[in-house]
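User: Got a model open here and I'd like to talk through some of its helices. Can you help me read it?

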Amino acid sequence: MRIFLDNALLIDGTGAAPRPGGLLLDGQHIAALTAPGQRPEADHTADLGGLALCPGFIDTHSHTDLAILDAPMPWPKLRQGVTTEIFGQDGIAMAPLPAEHVGPWRRNLAGLEGVSDSIAWDHRDTAGYLRLLEERGVGVNVCALAPHGNVRMEAMGLGPETASPAQLERMCAVLERELEAGAFGLSTGLIYPPCTYADRRELTALCAVAARFGRPLVIHQRSEADAVLESMAEVLAVGRDSGVHVHFSHFKICGRNNADKFPKMLELLNRAREEGLRVTFDQYPYVAGSTMLSAILPPWAHAGGTDALLGRLRDPEARRRMLDDIATVPSAWDNFVDFASVDGIFVTNVQTPANAEAIGKSLVELGAMRGVAPLEAALDLILEEANGVSMVDFYGLEEHVEGFLARPEMNVCTDGLMHGKPHPRTYGAFARVLGKYSRERGILSLEEAVRKMTGQPARTFALPRRGLLREGYFADLVAFDPATVRDTGDYTDPCRHPTGIELVMVNGAVAHAGPRLDALPHWSGRPAGHVLRATR
């Protein structure tokens, strides 16, 4: 089917200035870009009335890995223009998944990915997970990273031990298998077990494998707070020693007391570029983050996996040690309670109806509701929910958000959790950049904002024929009104779709159309997304 989108403002994803014109689709691909007044033959023609038309947005930090298996059309993402998502983040994800660790690992993932009983959990590796996605069908294009924690778990279990030479060799072999299966890179989350137990030697060896495949290290670094400069130095040293392309996940600085580190972080980025290291990062445009509530606990509490954690939460002596560690400042780990405080951490999801009233409550409110201290209430909730609790934490400054947005290394992500009462970024991150930070604040030009959502992430992850308006590229497209596009959700009412996103197409199929474009033929049958695999 040939569809012609006429009278558009074309923003091609390269950063070039917008220009008026049209775009012809032939099936799944872009057939031609046209000048004003040209009218190629088509089965359907739609007048966009001057709407901006650009490539589909690429969410380079996504947590839709499990949710998409139950609901193949991820509407919170599609309705803000996302047509491609990159799964397998933070070093803890769906595959590889050794049979003996399925139970503990499902509980470990629950705070990030939610729960599901609709799948057999019998996929054992990235190849099996990607086949499962294809069997179920996906409404967006999907890429997967090889998560370090899963790789480590297969090679040496969930313990905190330093890897022996034999175990490290096994890890490298598992990673190579996952990259051969099409993983687009290696991810790690050095605040999450078991990734947190890795030393620099382990990281460098694994990154050397990724570098050999030409694929990046996608890293939630060891500290985003008090030790962020030392953490960045560690990551850049790994990049230097292994030759890997370093991509920092959700780049930020946590804690008002760490504001003086912001310019020094920029200096480290500048020095890395001058040195010739390839460094990029993604960012969500908010001053609050979101993750599993158990991230407030010290790393030792997680050793051995979720079952061991729950056992420690039942042990009065271990609980007291956890609370003492949280209260000890400065900390040797990223202490969320220190940089966000108990009145800046809010529960966003639980697994059982019995604790549904906790959703939306700060830890202070949770403690008052239960008649105990805020952190005692938090530990009780983690135990009662078997670690399946998510949170939002307020940590940052607006000036830092804007400073990182303007950096050349930056691209946009949601880092959005797909369950409960999520962070508003799940529904609005991309529209927020276009509306608040481009149109209203002028931090980015419109074409530069689009580049950071399309061409830049496609180049970062080497996504073939995605991210640009170019003949022969896949027709992942977004049409939006530059004058009205804006996120509408907030922390109280986050599940609200943005305004101004008028058309979203995935591989030439209409996924979403506003009233003025609703006459276009919508997709039917299987969702139109592709499961992508990296190749050498």
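User: In which hand does H11 cross H14?

Analyst: Quick caveat: this is a predicted model, where local features need pLDDT of at least 70, side-chain atom pairs count only at pLDDT 80 or more, and totals for chains, interfaces and linings use all residues. Residues are numbered from 1 along each chain as its sequence is written, and side-chain values use heavy atoms, with hydrogens and water left out. Helices here are DSSP runs of H or I, at least four residues, and strands are E runs of at least two, numbered from the N terminus. A crossing is right-handed if the near helix is turned clockwise from the far one by less than a right angle, left-handed if anticlockwise, and the way H11 passes H14 is right-handed.

User: Which residues of H14 does H11 meet?

Analyst: Contact means heavy atoms within 4.5 Å. From H11, the residues involved are Arg319, Arg320, Met322, Leu323 and Ile326. On the H14 side they meet Leu375, Glu376, Leu379 and Asp380.

User: How many residues of H8 are buried?

Analyst: Buried means under 20% relative accessible area, exposed over 50%, partly exposed in between (1.4 Å probe, protein chains only). H8 covers residues 228-242, and its buried ones include Val228, Leu229 and Met232. Among what covers them are helix H7 (200-212) and strand E13 (279-283). H8 is mostly covered, the buried count out of its 15 residues being 11.

Note on methods
The expected span of a helix is 1.5 Å times one less than its number of residues.
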